[in-house]
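Colleague: I would like to learn how to read the features of a model like this one. Please take them one at a time, with the general idea before the case.

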Amino acid sequence: MDGAADAVEVVRRWFAELERGNPAPELCDPEIEIRNWDDAPITGPYFGHEGVRQWWEDVADAFDDVNFELLEIEPIDAIRCLTIQRLRGRFRRTGIEVDGAWAAITTIRGDKILSAQGYASPGQARKAVAAQ
């Protein structure tokens with residue numbers, strides 16, 4: 001794999017599986033790390049393929065009828081992308097509906113997802129990129 005276009009394709013494949021309800025650990029590097037912002041309903045960190053499965057189970061425990069939708073993907077460089085996604089569902093414990101955009105910086109290694117750092121908003125993710 002080479003270049004930002006390849007990173008975009010790897011990230012796009014993973015999100016396509018997430019949209020189908022499959023966390024697809026086989027598309028992830030064995031050393032993957034998933035984290036979200038501090039006050040997110042699911043914060044992490046989650047490590048490795050077992051961590052990917054646990055993250056997905058935690059999402060299922062927190063939400064009913066959860067749906068991920070990739071809205072935008074922007075290459076940052078040859079190995080990182082900024083993604084904007086929509087999460088729709090309902091908090092399982094409260095019944096409160098959720099429908100909102102959040103963002104992540106996703107890093108690849110080779111042709112696998114190495115890390116995904118979630119942010120509460122696209123603006124926060126863009127600020128994090130600018131600060132790097």
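Modeller: Start with Arg 88, which is partly exposed because its relative accessible area is 30%; buried means under 20%, exposed over 50%, and partly exposed in between (1.4 Å probe, protein chains only). The model is predicted, so local features need pLDDT of at least 70 and side-chain atom pairs pLDDT 80 or more, while totals for chains, interfaces and linings use all residues. Residues are numbered from 1 along each chain as its sequence is written, and side-chain values use heavy atoms, without hydrogens and water.

Colleague: In which strand does Arg 88 lie, and which residues does Arg 88 touch?

Modeller: Arg 88 belongs to strand β4; helices (H or I, at least four residues) and strands (E, at least two) are DSSP runs numbered from the N terminus. Leaving out residues up to four places away in sequence, Arg 88 touches Asp 65, Val 66, Asn 67, Glu 69, Val 98 and Asp 99, where contact means heavy atoms within 4.5 Å. Phe 68 is 20 residues from Arg 88 along the chain, with 6.7 Å between their C-alpha atoms.

Colleague: What is the order of the strands in the sheet?

Modeller: Two strands pair if DSSP finds at least two bridges between them. Here six strands form an open sheet with mixed pairing, in the order β2-β1-β6-β5-β4-β3. The edges are β2 (46-47) and β3 (63-75); each has a single partner strand, so one side of each has no neighbour in the sheet.

Colleague: In which sense does β6 pair with β5, and in which sense with β1?

Modeller: β5 (residues 97-109) and β6 (residues 112-119) are antiparallel, with seven bridges, whereas β1 and β6 are parallel, with four. Ala 116 in β6 stands opposite Thr 106 and is also the bridge partner of Ile 34. Arg 109 has Lys 112 as its bridge partner in β6. The hairpin of β5 and β6 has two residues between the strands, and Gly 110 in the turn has a positive phi of about 65°.

Colleague: Which residues other than glycine have a positive phi?

Modeller: Most residues other than glycine have a negative phi, and most peptide bonds are trans. Ala 24 has a positive phi of about 45° and sits in the loop between α1 and β1. At 0% relative accessibility, Ala 24 is buried. Asp 65, in strand β3, has a positive phi near 50° and is exposed, at 61% relative accessibility. As for the peptide bonds, the one from Gly 44 to Pro 45 is cis, with omega near 10°; Pro 45 lies in the loop between β1 and β2.

Colleague: What lines the largest cavity?

Modeller: The lining includes Trp 14, Phe 15, Leu 18, Ile 34, Arg 35, Trp 55 and Ala 116. At least two residues come from each of α1 (4-19), β1, β5 and β6. By class the lining has eight nonpolar, three polar and one charged; Ala, Val, Leu, Ile, Met, Phe, Trp, Tyr, Cys and Pro count as nonpolar, Asp, Glu, Lys and Arg as charged, and the others, Gly among them, as polar. Arg 35, in strand β1, is partly exposed, with a relative accessible area of 33%. Beyond four places in sequence, Arg 35 touches Thr 43, Pro 45, Phe 47, Ala 116, Gln 117 and Gly 118.

Colleague: And how much space lies in the largest pocket?

Modeller: About 260 Å³. Of its 16 lining residues, Trp 37, Pro 41, Phe 63, Leu 87 and Trp 102 are the closest to the centre. β5 gives the most to this lining, with four residues. The lining has 14 nonpolar, two polar and no charged residues.

Methods
1 Å grid on protein atoms, 1.4 Å probe; cavity = no way out; pocket = protein on both sides within 12 Å on 5 of 7 lines; lining within 4 Å. Points joined across faces, edges and corners; volume = space filled by probe spheres on them.
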